[in-house]
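Here is a short report on one structure. Read it with the sequence and model at hand.

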Amino acid sequence: MEKFNALKVKNDIVEWIRQWFEENGKGCNAVIGISGGKDSSIAAALCVEALGKDRVIGVTMPNTVQVTEDALNQTMNAVNDVVKSLGIVCYTVPINAPYCSLIHCIENAMNKDVSEQTAINLAPRIRMSTLYAVSQSCNGRVVNTCNLSEDWIGYSTRWGDSVGDFSPLSNLTKTEV
């Protein structure tokens with residue numbers, strides 16, 4: 001079995017991102033949802049190396065409805081660390097108002113509560129719509145931050161976090177250490 005060469009894999013992905021933008025968005029920006037987690041942090045760092053920090057735009061989209069204040073503060077601290085470390089611009093677009101409004105409108109239309117799956121999956125779908133709105137306003141292409149492990153087991157939201165114009169982590173698996 002061949003030993004995993006992390007540097008080669010990283011360099012190959014960086015080159016692939018450069019080529020992808022040359023063919024699919026010369027001069028465009030990479031627009032990425034920054035959660036403070038491993039996947040978005042790694043994908044953002046790869047884009048910065050491939051395109052330069054001035055062509056990577058982060059977007060964080062907190063939803064205070066789905067997390068505690070402590071969890072939100074921890075997430076925002078991680079996001080700030082990533083953004084500062086990479087030197088990229090990052091827009092904060094809270095999604096709690098559209099999330100609550102849409103839940104309310106759906107429940108009123110159906111005259112019943114939305115399902116648990118609807119409540120869980122609506123936020124990633126709003127985030128993806130937000131990323132595409134920012135992307136269209138900033139000459140961008142949306143970065144999908146899913147990895148092969150998540151795709152393989154179905155741990156992504158169809159038309160939510162599984163969407164993007166390109167996916168630099170799509171052939172990588174991850175393990176928890």
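## Helix H4 and its end

Asn 111 follows H4 and has a positive phi, near 60°. Helices here are DSSP runs (H or I, at least four residues), numbered from the N terminus. H4 covers residues 96-110, and its end C-alpha atoms are 21 Å apart. That agrees with the 21 Å that its 15 residues should span at 1.5 Å a residue; the expected span is 1.5 Å times one less than the number of residues.

## Basis of the model

The model is predicted: local features need pLDDT of at least 70, side-chain atom pairs count only at pLDDT 80 or more, and totals for chains, interfaces and linings use all residues. Residues are numbered from 1 along each chain as its sequence is written, and side-chain values use heavy atoms, with hydrogens and water left out.

Ser 41 sits in helix H2. Its relative accessibility is 18%, so Ser 41 counts as buried (under 20% relative accessible area, with a 1.4 Å probe and protein chains only). Leaving aside neighbours within four places in sequence, Ser 41 is in contact (heavy atoms within 4.5 Å) with Gly 36, Val 82 and Leu 86.

Val 83 belongs to helix H3, residues 69-86. Val 83 is also buried, because its relative accessibility is 14%. Not counting residues up to four places away in sequence, Val 83 touches Ile 88 and Cys 90. Val 83 and Ser 41 are 42 residues apart in sequence, and their C-alpha atoms are 8.7 Å apart in space.

Methods: Helices (H or I, at least four residues) and strands (E, at least two) are DSSP runs, numbered from the N terminus. Buried means under 20% relative accessible area, exposed over 50%, partly exposed in between (1.4 Å probe, protein chains only).
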